[in-house]
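The entries follow in the order of looking.

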Amino acid sequence: STFRLAGMASKRKWDVIAPVLHPLPNVLDGTGLSITIATPATGGQIISPDFPPPSSKQHSLMRKLEATPGNVRHDIIINDADGGKLVGPSGAHWQQLQASTGCKVFILLKEGAPPGHGPEQRLVAMIGSD
């Protein structure tokens, strides 16, 4: 099964489909963002394959997970201002999202904008089995 992360963020609509291992509860109630079950996804979309840079603390863990057979990475772009909504209070939404999906979710706020994107944009990478 898959998950669809969808919502209206800063008046910009976005959604993404990524692999999951378990059905999802709606862990983002009240944030303006939502998670719903969608149809199966194949593969993933990598927006910026060389991001985050090697100087990022997330770089080596992401590369290790990407190199694991059967894992797929799927990236989305969000506005920096919406990053906190995904993280949630004390990381609660982020932790629930990872637990519910079986994916590792990397909300790359400190790394700045990925190459080719505006300064207010940030990358979210999800890595899990297809």
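I took two strands as paired if DSSP finds at least two bridges between them. Helices (H or I, at least four residues) and strands (E, at least two) are DSSP runs, numbered from the N terminus. The model is predicted, so I kept to its limits: local features need pLDDT of at least 70, side-chain atom pairs count only at pLDDT 80 or more, and totals for chains, interfaces and linings use all residues. Residues are numbered from 1 along each chain as its sequence is written, and side-chain values use heavy atoms, with hydrogens and water left out.

Entry 1, the sheet. I found an open sheet of three strands in the order β4-β6-β5, with antiparallel pairing. β4 and β5 are its edge strands, each pairing on one side only. Direction ignored, neighbouring strands are turned by 15° against each other on average. I looked up the link from β5 to β6 and found five bridges. Phe 106 has Ala 125 in β6 as its bridge partner.

Which residues of helix α1 (residues 59-67) are buried? I noted His 59, Met 62 and Leu 65 (buried is under 20% relative accessible area, exposed over 50%, partly exposed in between; 1.4 Å probe, protein chains only). They lie on the same side of α1 because they cover an arc of only 135° around the axis, taken from the directions from the helix axis to the C-beta atoms. On the other side, Ser 60, Lys 64 and Ala 67 are exposed.

The buried residues of α1 are covered by elements including β4 (71-79), β5 (104-108) and β6 (121-129); contact means heavy atoms within 4.5 Å. Axes are lines fitted to C-alpha atoms, for helices over the stretch in contact, and angles run from 0 to 180 degrees between N-to-C directions.
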